[in-house]
Amino acid sequence: MRCLAGIGWHLLVGCFFLCGCGIDAWANVAPIARNDSVRVEQNGKINIDVLGDFDGDGGVGFADFVLFATRFGLENIEENFDKRMDFDGDGRIAFSDFLRFIGLFGKTPTGG
């Protein structure tokens, strides 16, 4: 199976160069972080859920910071705990999660 996957990749790369698109065709492709998720709806619309976007506006901004701050210090046994804010998965929204959030601040689906 690994060999087939490799052959598929080479075919994809070969078709890319043979069609004459050039590398610049990929310049506008949004980078997706390892923990972001991509959803394809039935109508074909593609949605990218950005890690750290707690208000659902597509980016990580001040409103997300306010939401994070209101839950800072909570543990997974508390009512308002939000597991999306527990980046390290230790069951607490703590300073290590804040540091991760700060690294995400300003992020958008287009990599901004």
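## Model and fold

The model is predicted: local features need pLDDT of at least 70, side-chain atom pairs count only at pLDDT 80 or more, and totals for chains, interfaces and linings use all residues. Residues are numbered from 1 along each chain as its sequence is written, and side-chain values use heavy atoms, with hydrogens and water left out.

The chain holds three helices and two strands. Their order is α-β-β-α-α. Helices (H or I, at least four residues) and strands (E, at least two) are DSSP runs, numbered from the N terminus. Of the 112 residues, 21% are buried. Buried means under 20% relative accessible area, exposed over 50%, and partly exposed in between (1.4 Å probe, protein chains only).

## Nonpolar core

The largest nonpolar core has eleven residues, including V50, F54, F68, I93 and F101. Such a core is a set of buried Ala, Val, Leu, Ile, Met, Phe, Trp, Tyr and Cys residues joined through side-chain atoms within 4.5 Å.

I93 touches F68, L74, F81 and M85, among others, leaving out residues up to four places away in sequence. A contact means heavy atoms within 4.5 Å.

## Aromatic rings

The whole structure has ten aromatic pairs. Rings of Phe, Tyr and Trp (its six-membered ring) pair if their centres lie within 6.5 Å; planes under 30 degrees apart count as stacked, over 60 as edge-to-face and the rest as tilted. F54 and F87 make a tilted pair, 6.3 Å centre to centre with 35 degrees between the planes. F54 sits in the loop between β2 (46–49) and α2, F87 in the loop between α2 and α3 (95–104), 33 residues apart. F54 is buried at 8% relative accessible area.

F68 and F101 are stacked, because their ring centres are 5.2 Å apart and their planes at 10 degrees. F68 lies in α2 and F101 in α3, so this pair ties together parts 33 residues apart in sequence. F68 is buried at 1%, and F101 at 0%. Ring pairs join both into a cluster that also includes F62 and F105.

## Salt bridge

The whole structure has one salt bridge. D82 and R84 form it through their side chains, at 2.8 Å, N to O. The term requires a side-chain nitrogen of Lys or Arg within 4 Å of a carboxyl oxygen of Asp or Glu. D82 is buried at 14%; R84 is partly exposed at 42%.

## Surface

The accessible surface is about 8,200 Å², and 61% of it belongs to carbon and sulfur atoms. Areas come from the Shrake-Rupley method with a 1.4 Å probe; for residues, only the protein chains shown count as cover.

F62 lies in helix α2 (residues 62–71) and is exposed at 60%.
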